[in-house]
Amino acid sequence: MQQRSFWAMGSTITIVIDSDEANARSAFAGAYQTLRAYERILSRFQPHSDLNALNRCAGRGPQRVGQTLWRALQHALWMAYRSDGLVTPAVGEALHTAGYDRDFRHMAGISAADLRTPSPVPDWRLIQCDPRRRTVAIPAGMRLDLGGSAKGWTATLIARRLGRRYPTLVDAGGDIALSGPRRDGSPWPIEVADPFHPDPGLALLMLRRGGVATSGVDYRRWLHRGKWQHHLIDPRTGDPVRTDLLTATVIAPTLSLAEMAAKVILILGAESGLHWLADQPNMAGLLVHRDGQIIRTPNVDRYCWQSSMSANR
Amino acid sequence: MNQTRKPMRADVSGLKWAISTAALAATIGGWGWLTAQNPPEVAIAAPQIAVQPPAVERQPLPPWLTDDPMLPVLPTVVPLNIPARDQVAAPPPAPAAPPRAPAAPPRAPAAPPPASAAPPPASAAPALREVTIPAPAPAARTRSSR
């Protein structure tokens with residue numbers, strides 16, 4: 001088992017490869033370069049990124065974009081469609097208004113941006129894409145942010161690429177993509193962190209493939225003009241989401257779906273979120289209420305470590 | 001000035017054509033005549049194919065194929081945290097019954113004890129025992145985006 005950690009896309013990325021081969025080093029290097037290259041293209045915080053170039057052309061008609069930005073944007077729009085617009089790439093302006101205008105490492109928990117009144121996020125269906133010419137047109141006043149969507153998409157891509165040679169786990173700041181079971185066919189043990197206690201986990205998941213993601217309002221918070229803000233925007237109000245949940249963890253067939261579902265549940269709240277999750281195929285969830293109550297969907301036990309077994313004496 | 005004219009050459013092209021045609025006709029005709037005189041003899045002889053059955057030598061089967069395999073006797077696997085039978089401590093002896101009061105009058109023959117008080121039969125179902133397996137170390141931790 002080999003692993004490597006580094007900082008990219010605003011998070012700590014950890015790649016675990018279940019192999020003892022010395023050649024795995026080149027796999028780590030390739031993954032690092034891919035993440036760096038994609039960050040240069042997809043980041044909102046890099047002034048010369050392709051995404052910012054597109055944002056600067058808002059309201060100026062169709063703009064031709066590169067292959068990576070095109071694919072990442074199509075993926076984000078697909079997630080917007082799946083979430084009925086609750087997880088949308090059109091939240092860039094709302095995040096900026098809330099004070100999230102630079103890399104979180106440089107914010108030091110305080111934002112000094114001008115306080116403006118939030119407004120509902122523009123409809124993602126106003127983004128016009130022409131696949132034949134690979135052009136994108138965004139309306140005036142809209143700013144795209146691919147944030148977590150791009151990170152999950154890239155992590156899935158890397159897990160799939162490395163998974164052709166080695167069993168791989170990619171941990172993108174707590175959102176985890178798996179390429180398949182480990183070398184001996186066993187599942188990967190993944191702990192669900194408890195937001196109230198740093199050390200003991202809430203549960204130990206045993207996953208062979210797919211992804212698991214946790215969204216929460218317990219981190220990436222900052223004080224903006226005396227008001228606590230966080231990075232999850234409710235597109236219906238344009239304001240950081242007000243929710244009765246602290247964190248939501250979702251297990252899904254892919255990391256991208258898990259990440260989208262965790263955000264939707266957090267935006268909808270415990271009751272509506274659980275109803276929404278019940279309609280999604282092949283997903284399981286573990287929610288932590290603000291008052292400390294832990295809510296599990298009935299099927300989450302299928303993925304949990306069974307700590308005991310019965311044996312005949 | 002006397003000028004000698006070169007005599008005209010006779011036009012013999014027709015004669016050439018006639019000779020060529022006659023030679024060709026004679027060649028083809030001769031070939032045809034010869035062919036008709038000496039037709040090739042096609043003798044189809046039936047092939048003599050002798051198929052001999054392969055010689056199969058019946059060899060006796062090796063003993064490992066015919067004999068019944070010996071099944072290895074495996075030792076009974078005992079979970080590590082279940083103590084062996086001889087390691088289980090015997091239950092502590094029941095405390096001695098207090099001596100009866102001497103003044104107690106002799107009782108009439110007592111009724112048989114109720115069925116629920118009877119000792120369990122020897123062939124009771126085996127008791128279930130909880131075996132705890134240590135959880136594996138987590139390979140990763142899912143939490144809010146860090």
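**Figure 1. A hairpin in chain A of the predicted model, formed by β17(A) and β18(A).** Four residues lie between the two strands of this hairpin. In the turn, A:G292 has a positive phi of about 95°. β17(A) and strand β18, residues 294-296 of chain A, run antiparallel and are joined by three bridges. Across this pairing, A:L287 is opposite A:I295 of β18(A).

**Figure 2. Strand β17 of chain A and its pairing with β16.** Strand β17 spans residues 284-289 and is mostly covered, with five of its six residues buried. Strand β16, residues 245-252 of chain A, is joined to β17(A) by six bridges, and the two run antiparallel. One residue pair in this view is A:V250 with A:G285, its bridge partner in β17(A). β17(A) is also joined to β18 of chain A, by three bridges. Strands of a sheet pair through backbone hydrogen bonds, in a parallel or an antiparallel sense.

**Figure 3. An open sheet of three strands in chain A.** The strand order is β3-β6-β5, and the pairing is antiparallel. β3 (63-64) and β5 of chain A stand at the edges with a single partner strand each, so one side of each has no neighbour in the sheet. Between β3(A) and β6(A), the antiparallel pairing extends over two bridges. A:R64 is placed opposite A:T135, a residue of β6(A).

**Figure 4. The loop between β5 and β6 of chain A, with A:R134.** This loop connects β5 (128-130) to β6 (135-137). A:R134 is not a glycine, yet its phi is positive, at about 50°. Most residues other than glycine have a negative phi.

**Figure 5. The loop between β1 and β2 of chain A, with A:M9.** The loop lies between β1 (2-8) and β2 (11-17). A:M9, which is not a glycine, has a positive phi of about 55°. A:M9 counts as buried because 24 C-beta neighbours lie inside 10 Å.

**Figure 6. The end segment of chain A, residues 308-313, where pLDDT stays under 50.** For these residues the model has 16 contacts beyond four places in sequence. Where pLDDT is low, the predicted coordinates should not be read in detail. For chain A as a whole, the average pLDDT is 87, and 91% of the residues score at least 70.

Figure 7. The secondary structure of chain A consists of seven helices and 19 strands. Of its 313 residues, 46% count as buried. Considering contacts in chain A between residues at least 6 apart in sequence, 62% join residues at least 24 apart. Chain B has two helices and two strands, and along its sequence these follow the pattern α-α-β-β. Of the 146 residues in chain B, 4% are buried.

How values were computed. Residues numbered from 1 in each chain as written. Chains lettered and ligands numbered in written order. Predicted model: local features only at pLDDT ≥ 70, side-chain atom pairs only at ≥ 80, totals over all residues. Buried ≥ 20, exposed ≤ 12 C-beta atoms within 10 Å, placed from the backbone. Contact = placed C-beta atoms within 7 Å. Pairing = 2+ DSSP bridges. pLDDT = per-residue confidence, 0-100.
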